[in-house]
Amino acid sequence: MVQFLIKYVLAPLLRLLWRPRVLGADRVPVTGPVILAANHRAAVDTAFIPLVTPRPVAFLGKAEYFTGRGVKGRLMARFLTALGYVPVDRGNVKAGLAALDAGRTVLRAGGAFGIYPEGTRSLDGRLHRGHTGVASLALSTGAVVVPVALTGTERVQPVGRRFPRIAPVQVRFGTPLEFSRYEGLEGSPAIRRAVTDEIMDAIAELSGQVYVDSYHRRPTDGRAAA
């Protein structure tokens, strides 16, 4: 029932309201493991990407969202599961490893996994240096990587705004990248960095954002929480 409501009620409603412009969706392989590596402009990015991608996409979700009590908690867990969210505990020192393990599980099952290599939302509009987890996933699973650029979602839900507003949105998919030439070299930090930089270059070209070769620091006030 939840999946029916999402597919036939919620998704068409979102398309009707925001009418996102989609470019290159046919570049996403319809079968096999694929990583959708996107820039991150707003919390609603994780809603728009699955909305316009021609196959289900799994994203990470905070584990506490799946463990709520009562009817409301159970409904939230079912809703997020139907959307393709994968629970992961982000509140401990092993959160990064848990996230990668969750991604590998999805990819080794032949699924599509969405990831933001920057690690957090960009609050200054620029594209920041990517973390190498995306490379680790691609190299360890053999998944192809499709770069994705979102434009306009930062106006749909600006920082500090609780509810989204209507604004033009564009989602652009790039040419799939494959890294079979590095097979067996996942353990090399230099290779992981080279793969990540290639992915970030592709995202920058699609998005038109200014690239900054430094990691985006998370604000201490929680403004970048997604």
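**Exercise 1. Which side chains does a polar contact of 2.8 Å join?**

*Solution.* The contact joins the side chains of Thr46 and Tyr116. A polar contact is a pair of N or O atoms within 3.5 Å; within protein, one must be able to donate a hydrogen and the other to accept it, and residues adjacent in sequence count only if both atoms are side-chain atoms.

A note on the model: it is predicted, so local features need pLDDT of at least 70 and side-chain atom pairs count only at pLDDT 80 or more, while totals for chains, interfaces and linings use all residues. Residues are numbered from 1 along each chain as its sequence is written, and side-chain values use heavy atoms, with hydrogens and water left out.

**Exercise 2. Work out the strand order of the open sheet and its pairings.**

*Solution.* Step 1: read the order. The sheet has 5 strands, arranged E1-E8-E7-E2-E5, with mixed pairing. Two strands pair if DSSP finds at least two bridges between them.

Step 1: find the edges. E1 (21–23) and E5 (112–115) each have a single partner strand, so one side of each is left without a neighbour in the sheet. From one strand to the next, the twist averages 20°.

Step 2: go through the pairs.
- E1 and E8 run parallel, joined by 3 bridges. Leu23 has Arg172 in E8 as its bridge partner.
- E7 and E8 run antiparallel, joined by 4 bridges. Leu150 has Val171 in E8 as its bridge partner.
- E2 (residues 34–38) and E7 (residues 144–151) run parallel, joined by 5 bridges. Val34 stands opposite Val144 in E7.

Step 3: H2 lies across E1, E2, E7 and E8 (170–173), at about 120° to E7. H5 lies across E2, E5 and E7, at about 165° to E2. Axes are lines fitted to C-alpha atoms, for helices over the stretch in contact, and angles run from 0 to 180 degrees between N-to-C directions.

**Exercise 3. Is helix H5 largely enclosed or open?**

*Solution.* Step 1: count. In H5 (residues 133–141), 9 of the 9 residues are buried, so the helix is largely enclosed by the rest of the structure.

Step 1: look at the end. Gly142 follows H5, and its phi is positive, near 75°.

Step 2: find a partner helix. The axes of H5 and H7 (residues 189–207) come within 8 Å and cross at roughly 105°. H5 is therefore roughly perpendicular to H7, a label for angles of 65 to 115 degrees.

Step 3: name the contact residues. H5 gives Val134, Ala135, Ser136 and Leu139, while H7 gives Ile191, Arg192, Val195, Thr196 and Ile199. They divide into 6 nonpolar, 2 polar and 1 charged. Here Ala, Val, Leu, Ile, Met, Phe, Trp, Tyr, Cys and Pro count as nonpolar, Asp, Glu, Lys and Arg as charged, and the others, Gly among them, as polar.

Notes:
Buried means under 20% relative accessible area, exposed over 50%, partly exposed in between (1.4 Å probe, protein chains only). Helices (H or I, at least four residues) and strands (E, at least two) are DSSP runs, numbered from the N terminus. Contact means heavy atoms within 4.5 Å. Angles under 35 degrees count as roughly parallel, over 145 as roughly antiparallel, 65 to 115 as roughly perpendicular and the rest as oblique.
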